[in-house]
Amino acid sequence: MGVQSKNTRRPNRIRINSGNRNTKIRFGAAMSPRPSVFAPLLYAGYLELGIERLANAGFDAIEISLRRVDEVDIDWLEKTLAKNKISVSAIATGRICLEDCLCLSNTNPDVGNRVYERLVELIRLAARLKASLIIGGVRGKLAVISDEQTRQRAVVIDTIRRCARVAEDFQVTLLLEPINHNETNFINTSQEGLAFIKDIGNPSMRLLLDTFHMDVEGENLRAAIHNAESQLGYIHFADTSRLPPGKGHIDFSAVIQTLVDIGYSGFITVEILPKPDDDTALYETAKYLR
């Protein structure tokens, strides 16, 4: 995985200063307790080291990618987070579909029940960790045949509505993430995401915007943020080809200014490839954000 030895004095947390006012935006990074086929995760399989490095780099939070709750010892996780003064911003769920083939778009009732049970377990965990829950890659893909697509969409809406009711009871925010057309054919743009949230009709669900996916879809990032405004609950930062911010052509200064303009006060989490290695990707991202 290419983790380098690095002894650094812990700096102050990364903060945005816009003129005379500091925003409440907090920064995190996406990690996993296990190696994964989903590549843009830092320190995959080395969670303790990743949390320590995250704190050392001045970040506030970890976004943790989980297939199921027993992938990590929760008591250990809470102690490690407290020791490093790091919180959990969100739990990502895409690996449930990518690695276990349990996708929301599967119309098999047994599969649907298993996905629902996994998500409910993770909602309960999110409540314990005071985190949000991401509904992104776990959606899966739609079939080519339109009639089957209609059935799939109905199944997804029903399951997410059920999850949203549970999330509302536990005071957990569900984050719907549009994903680019190269990875799925189901909710690709911010507009499609907003329309789907309206279909769900539950206040526990909000929009997650990912700069990488928006860039692939050719969206105007500033316009998408303004359009989402009241529904915007979370941000993923990744540059061109999922590289660390500053390594591609995305204008993150403009994105951050837009977030400041709308009064955004949530998390920005970097979901990036560990290139050339985990440490370099993390520390160069921290330097760029500063």
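Predicted model: local features only at pLDDT ≥ 70, side-chain atom pairs only at ≥ 80, totals over all residues.
Q: Where is Ser-65 found?
A: Ser-65 belongs to strand β4, residues 61–65. Helices (H or I, at least four residues) and strands (E, at least two) are DSSP runs, numbered from the N terminus.

Q: Is Ser-65 buried or exposed?
A: Ser-65 counts as buried, because its relative accessibility is 4%. Buried means under 20% relative accessible area, exposed means over 50%, and partly exposed lies in between (1.4 Å probe, protein chains only).

Q: Which residues is Ser-65 in contact with, leaving aside neighbours within four places in sequence?
A: Ser-65 is in contact with Met-31, Ser-32, Pro-33, Leu-41, Glu-71, Ala-92 and Arg-95. Contact here means heavy atoms within 4.5 Å.

Q: How does β3 join to β4?
A: The two strands run parallel and are joined by four bridges. Ala-30 has Glu-63 in β4 as its bridge partner. From β3 the chain passes through helix α1 (residues 47–57) to β4, in a right-handed β-α-β crossover. Right-handed means that, with the strands pointing away from the viewer, the path from the first strand over the helix to the second runs clockwise.

Q: Which other strand pairs with β3?
A: Strand β10 (residues 267–270) pairs with β3 in the parallel sense over four bridges. Two strands pair if DSSP finds at least two bridges between them. Phe-27 stands opposite Ile-268 in β10.

Q: Why is β3 largely enclosed by the rest of the structure?
A: Strand β3 (residues 26–31) is largely enclosed because five of its six residues are buried.

Q: Changing topic, how many residues of β8 are buried?
A: Five of the six residues of strand β8 (residues 205–210) are buried, and the strand is mostly covered. Strand β7 (residues 174–176) pairs with β8 in the parallel sense over three bridges, with Leu-174 opposite Met-205. A right-handed β-α-β unit is made by β7, helix α6 (residues 190–200) and β8.

Q: What about β8 and β9?
A: Strand β9 (residues 232–237) and β8 pair in the parallel sense over four bridges. There, Leu-208 stands opposite Tyr-234 in β9.

Q: How many salt bridges does the structure hold?
A: The structure holds 17 salt bridges. A salt bridge is a side-chain nitrogen of Lys or Arg within 4 Å of a carboxyl oxygen of Asp or Glu.

Q: Which residue forms a salt bridge with Asp-75?
A: Arg-128 does, and the closest N and O atoms are 2.8 Å apart. Asp-75 lies in helix α2 (residues 74–84) and Arg-128 in helix α4 (residues 109–129), so the pair ties together parts that are 53 residues apart in sequence. Asp-75 is partly exposed at 45% relative accessible area, and Arg-128 is partly exposed at 42%.

Q: What joins Lys-247 and Glu-284?
A: Their side chains meet in a salt bridge (2.9 Å, N to O). Lys-247 sits in the loop between β9 and α9 (252–261) and Glu-284 in helix α10 (residues 278–289), 37 residues apart.

Q: Which residues are linked in a network of salt bridges?
A: The network links Arg-67, Glu-71, Arg-95, Glu-99, Asp-100 and Arg-118.

Key:
Residues numbered from 1 in each chain as written. Heavy atoms only, no water.
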